[in-house]
Amino acid sequence: MDTYVPFCGAPPIPAELWSRWTLDPYLLSGLALAGLAGFVLLKDKARFGLAWGLVGLLFVSPLCAASIALFSARVGQHILLTLVAAPILAAALPRMRLPALPCAILFAVLFWVWHAPGPYQATLESDLGYWSMHLSLFGSATLLFAAMRARPHMALGAAALTGAQLTVYASMLTLAPVAWHDWHLATTLNYGLTALADQQLAGALMWVAGGALFLTSIASLALRFFKETPPGPTPAQTR
């Protein structure tokens, strides 16, 4: 029976990392077809192109291979996917009046489930698991930011929930006394890290970089809200 090789390949050693581009024909075809559809259907082609270009880099560049060896690289990939590419794509979509809080709950559930030991291990054992993780995280994050963008005045609860759950997850990663994922007990050693140190690095990335990126997105939504809110009457107009 053949041993399954993760989608991005076997865990790379540092010396070969920068040569590990993922040029899978199905991946490249899927990215190209989705990109073509986006350019045909969406009016905001600049934002869509920026978002989809970043998505492509996240799965074609050596970061994809690094995410097989280092949990911190996988978390970094997810930070860029859900907190950078997703809000840019959401800004390119037509306005969708979705309820923000249920979208935030969906994103939180998926984020916690996919980073739990069992489901995370499943992403390393089948292509179905791998793509189920990334498509559901990216899709739910895009819906969340689209919902908050459409109704920023009603997004406070969703923003608070998302910020809180990301902070709690980051703190648990950073402060956990043991590594959560057995897969990385061996894959991190070539990088001079224990699995626990790699996990702590992942937590720090989520705590600092993830928190800063999420606050930037919320600040952008707040600025948009104030720009779109018509000014109230002046004292002279109320007399």
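Colleague: What is the handedness of the crossing of helix 2 and helix 4?

Modeller: In this predicted model, helix 2 and helix 4 cross in a left-handed manner.

Colleague: Which residues make that contact?

Modeller: Helix 2 contributes Arg47, Phe48, Leu50, Ala51, Leu54, Val55, Leu58 and Phe59. From helix 4 come Gln77, Leu80, Leu81, Val84, Ala85, Ile88, Leu89, Ala91 and Ala92. Sorted by class, the contact of helix 2 with helix 4 holds 15 nonpolar, 1 polar and 1 charged residues.

Colleague: At what angle do helix 2 and helix 4 pack, and how far apart are their axes?

Modeller: A packed pair of helices is described by the angle between the axes and the distance between them. For helix 2 (residues 45–60) and helix 4 (residues 71–92), the angle is about 160° and the axes lie 8 Å apart. An angle over 145 degrees counts as roughly antiparallel, and helix 2 and helix 4 are therefore roughly antiparallel to each other.

Colleague: How does helix 2 pack with helix 7?

Modeller: The angle between helix 2 and helix 7 is about 155°, and their axes are 14 Å apart. Helix 2 is therefore roughly antiparallel to helix 7 as well. The crossing of helix 2 and helix 7 is right-handed. Arg47, Trp52, Val55 and Phe59 of helix 2 meet Tyr130, Trp131, His134, Phe138 and Arg149 of helix 7. This contact of helix 2 with helix 7 comprises 6 nonpolar, 1 polar and 2 charged residues.

Colleague: Which residues of helix 2 are buried, and what covers them?

Modeller: An α-helix has 3.6 residues a turn, so residues three or four places apart point the same way. In helix 2, the buried residues are Phe48, Ala51, Leu54, Val55, Gly56, Leu58, Phe59 and Val60. Their cover includes helix 1 (25–41), helix 3 (62–69), helix 4 and helix 7 (127–150).

Colleague: Which span should the 16 residues of helix 2 have?

Modeller: At 1.5 Å a residue, helix 2 should span 22 Å. The end C-alpha atoms of helix 2 are 21 Å apart, which agrees.

Key:
Residues are numbered from 1 along each chain as its sequence is written. This is a predicted model: local features need pLDDT of at least 70, side-chain atom pairs count only at pLDDT 80 or more; totals for chains, interfaces and linings use all residues. Side-chain values use heavy atoms; hydrogens and water are left out. Axes are lines fitted to C-alpha atoms, for helices over the stretch in contact, and angles run from 0 to 180 degrees between N-to-C directions. Helices (H or I, at least four residues) and strands (E, at least two) are DSSP runs, numbered from the N terminus. Angles under 35 degrees count as roughly parallel, over 145 as roughly antiparallel, 65 to 115 as roughly perpendicular and the rest as oblique. A crossing is left-handed if the near helix is turned anticlockwise from the far one by less than a right angle, and right-handed if clockwise. Contact means heavy atoms within 4.5 Å. Ala, Val, Leu, Ile, Met, Phe, Trp, Tyr, Cys and Pro count as nonpolar, Asp, Glu, Lys and Arg as charged, and the others, Gly among them, as polar. The expected span of a helix is 1.5 Å times one less than its number of residues. Buried means under 20% relative accessible area, exposed over 50%, partly exposed in between (1.4 Å probe, protein chains only).
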